Amino acid sequence: MPTEQVLRPDTRTGPGRRFEEFTVGERFTSAPRTVTATDLAEFTRLSGDDHPLHTGPDGILQGPFGLAVAMGLLQSLGLHGSAIRGLLDTHWSYRLPLRVGDTVHLEMTVVRCRRTRKGDRGVVTRHMRLVDEQGRTVQEGTTAALVDAAGPGPDPVGRAFGTVAWGEALVAGLAPEFAESLATWDGAVGLRAGEHEVCLRVYRGKVIEVASRAALGPTFTVETDELTWTELVTAPANEFTRFAMSGRFGMRGNGYEYLRLTRALHLIVDAARGIA
């Protein structure tokens, strides 16, 4: 299961964590923060967004205020000191309005770690969720940060979802039943995690190629975000069917072949859980 931690800000003046000290699946929870009328007034003045939605006793905080709070709560965890070099991107969604008097906290999960080509730094992607006192997600998204590495070295591939290295490790961990379940099948299965996709080219039960793309495209692609892959491979049991039925996994391509390969997909997930 992912490790959940509550950290204190006593490491902010030091180097903080370097790249190698982050692990995909780690979870962190911040202390709570209550939104005040002063927050609304000051953010309105700073942004210049004085739309009537943001004025009066029932004013709704501007959307970017929640993102700013999430970043502040992230810093309060004490993970990032002088080792962090900057933010690389932010992909953010607004789920519920944020009002004066609401109390929120941050739930953060590390969903990807990738070393840069030179090897002296790494990119750490975090899924961040701003949660209110009722347990509802107010805002959420992912952010990637550039972090100093302690030194060059190989990256773990067990949770590098959607990469060729992950696909190769996954194939090596497939149970013998996989070949039996696809003994007469010819096609390609795509596995996508966020922006990363790997294709497994199968011929009569044997995976004959692992690549970032198939020559004629995959027969179908199973896709979701990195957070869902993380939760799937760290769950107590293989819950692929439940995740798929609840809409957490999507499918592109030949739906008939996708349904035919239900058993094979379960074995693929079993292998993914094994290498994770």
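**Exercise 1. The largest pocket**

Which strand gives the most to the lining of the largest pocket? Describe the pocket and its lining.

*Solution.* The model is predicted, so local features need pLDDT of at least 70 and side-chain atom pairs count only at pLDDT 80 or more, while totals for chains, interfaces and linings use all residues. Residues are numbered from 1 along each chain as its sequence is written, and side-chain values use heavy atoms, with hydrogens and water left out.

Step 1. On a 1 Å grid over the protein atoms alone, a pocket is an open set of points where a 1.4 Å probe fits, with protein on both sides within 12 Å along at least five of seven lines; lining residues have an atom within 4 Å of a point. Strands (E, at least two residues) and helices (H or I, at least four) are DSSP runs, numbered from the N terminus.

Step 2. State the volume, which is the space filled by probe spheres set on grid points joined across faces, edges and corners. For the largest pocket this is about 320 Å³.

Step 3. Identify the lining. It has 13 residues, and Asp89, His91, Thr125, Glu195 and Glu226 lie nearest the centre of the pocket. At least two lining residues come from each of S4, S5 (103–115), S6 and S7. Strand S4 gives the most, with 3 residues.

Step 4. Sort the lining by class. Asp, Glu, Lys and Arg count as charged; Ala, Val, Leu, Ile, Met, Phe, Trp, Tyr, Cys and Pro as nonpolar; the others, Gly among them, as polar. The lining divides into 5 charged, 5 polar and 3 nonpolar residues.

**Exercise 2. The second largest pocket**

Describe the second largest pocket in the manner of Exercise 1.

*Solution.* Step 1. Its volume is about 270 Å³. Step 2. Of its 15 lining residues, Phe22, Thr23, Val24, Cys113 and Pro156 are the closest to the centre. Step 3. By class, the lining has 8 nonpolar, 5 charged and 2 polar residues.

**Exercise 3. Salt bridges between strands**

*Solution.* Step 1. A salt bridge is a side-chain nitrogen of Lys or Arg within 4 Å of a carboxyl oxygen of Asp or Glu. The count comes to 18.

Step 1. The closest N and O atoms of Arg85 and Asp148 are 2.9 Å apart. Arg85 lies in strand S4 (residues 84–94) and Asp148 in strand S7 (residues 137–148), so the pair joins parts 63 residues apart in sequence.

Step 2. Buried means under 20% relative accessible area, exposed over 50%, and partly exposed in between (1.4 Å probe, protein chains only). Arg85 is partly exposed at 48%, whereas Asp148 is buried at 14%.

Step 3. Glu140 and Arg129 form a salt bridge at 3.6 Å, N to O. Glu140 belongs to S7 and Arg129 to strand S6 (residues 121–132), so this pair ties together parts 11 residues apart in sequence. Glu140 is buried at 15%; Arg129 is partly exposed at 22%.

Step 4. Arg136 and Asp132 meet at 2.8 Å, N to O. Arg136 is partly exposed at 41%, and Asp132 is buried at 5%.

**Exercise 4. Helix H8 and the whole chain**

What span does helix H8 reach, and which of its residues are buried?

*Solution.* Step 1. H8 (residues 262–275) has 14 residues. The expected span is 1.5 Å times one less than the number of residues. H8 reaches 20 Å from its first C-alpha to its last, close to the 20 Å expected.

Step 1. The buried residues of H8 are Ala264, Leu265, His266, Leu267, Ile268, Val269, Ala271, Ala272 and Arg273.

Step 2. For the whole protein chain, 46% of the 276 residues count as buried, and the secondary structure comes to 8 helices and 12 strands.
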